[in-house]
Amino acid sequence: MRIVLLGAPGAGKGTQCKKIIKKYGLKHLSSGDILRQERAEGTELGKKAQSYMDSGALVPDDLIVEMMAGAISEAGDVGFVLDGFPRTVNQAEKLDKALEAKKIDQVINLIIDDKIVMSRMTGRRSCPKCGAVYHVKNMPPKVAGKCDNDSAELIQRPDDTPQVVTKRLVTYHEQTKPVVGYYEKTNTVYDIDSGQDADQVSDVIFEKLDALVSA
Ligand code: AP5
Ligand code: MG
């Protein structure tokens, strides 16, 4: 299966991708996670991406398309879930070209109110070691500030401040929302209310993907 998960910052893309890959054995290809890894390793790409990410702007398309085409080819034939990519119509067009005859089987669009996004982002904590995502109120770890999987000290993402989240939302509405319209022309886009509890959201996603698997 080749899946694209769309949604605003904080819609729950990362949270749902982790559940999807566990159930279906797919690769999780998150452009944001790959960029953060590049930054942590101090690569040229990481250095170029830094100022865009920290201000809530998009990293230029050419850098992202090359990076994600590489990740897709490395993923091989097991199938993948794309998280955070494509994020512009230009990226979506380039992705279609790179996939050639293969196609995206399902586009899932997580719909969330901007007002909910702010509290999700400012309460988010992540594990720097395994990438697990928590929320101080909605999904707290068993021990405050520590990852359930490896006890690492949880961190807050530098782009989760109220000012940067506000900018990321503007960027989303201007540049990423049109990607939904792009896919509506060629693929089936499945809209899901992502304001519900995370398990309720994944139940709806699983129902859709189960139907796809058995079709
Ligand atoms: P990226 O890392 O992709 O950030 P994003 O799209 O802003 O999305 P987030 O990761 O913030 O949110 P999410 O939807 O994954 O939510 P999560 O599951 O964590 O990108 C970062 C930056 O990289 C961009 O700003 C850009 O600069 C650059 N970039 C990346 N891709 C790019 C591209 N293709 N082109 C150009 N630039 C690119 O959940 C959020 C919180 O809510 C968590 O605390 C979680 O526990 C909680 N939560 C989740 N679901 C629920 C629920 N149902 N109920 C209650 N709480 C919930
Ligand atoms: Mg994410």
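Let me start with Ser-31, which, once its neighbours within four places in sequence are set aside, is in contact with Met-67, Met-68, Asp-83, Gly-84, Phe-85 and Arg-87, where contact means heavy atoms within 4.5 Å. Ser-31 lies in helix α2, helices being DSSP runs of H or I with at least four residues and strands runs of E with at least two, both numbered from the N terminus. Ser-31 is also buried, with a relative accessible area of 4%; buried means under 20% and exposed over 50%, with partly exposed in between, using a 1.4 Å probe and the protein chains only.

Before I go on, please keep in mind that this is a predicted model, in which local features need pLDDT of at least 70 and side-chain atom pairs count only at pLDDT 80 or more, while totals for chains, interfaces and linings use all residues. Residues are numbered from 1 along each chain as its sequence is written, chains are lettered from A and ligands numbered from 1 in the order in which they are written, and side-chain values use heavy atoms, with hydrogens and water left out.

Helix α2 brings us to ligand 1, because the largest share of the shell around that ligand, four residues, comes from α2, with α2 being a helix in the DSSP sense already given. At least two residues of the shell are supplied by each of α1, α2 (31-40), α6 (114-122) and β6 (133-135). Of the 36 residues around ligand 1, those that come nearest are Thr-15, Ala-57, Arg-87, Arg-124 and Arg-168, a residue counting as near if one of its heavy atoms lies within 4 Å.

As for polar contacts, meaning pairs of N or O atoms within 3.5 Å, an oxygen atom of ligand 1 is 3.0 Å from a polar backbone atom of Gly-12. A nitrogen atom of the ligand is 3.0 Å from an N or O atom in the side chain of Asn-138, and a nitrogen atom is 3.2 Å from a polar backbone atom of Ala-198. Taken alone, ligand 1 exposes 1,100 Å², of which the protein buries 96%, by the Shrake-Rupley method with a 1.4 Å probe.

Ala-198 takes us to helix α8, where Ala-198, Val-201, Ser-202, Ile-205, Phe-206 and Leu-209 are buried. Seen down the axis of α8, the buried residues fall within an arc of 130°, so they line one face of the helix, the arc being that of the directions from the axis to the C-beta atoms. These buried residues pack against β1 (2-7), α1 (13-24), β4 (106-111) and β7 (189-193), whereas the face turned away from the buried side carries the exposed residues Glu-207 and Ser-214. Finally, Asp-197 caps the N-terminal end of α8, with a side-chain oxygen 3.0 Å from the backbone nitrogen of Asp-199.

Key. A polar contact is a pair of N or O atoms within 3.5 Å; within protein, one must be able to donate a hydrogen and the other to accept it, and residues adjacent in sequence count only if both atoms are side-chain atoms.
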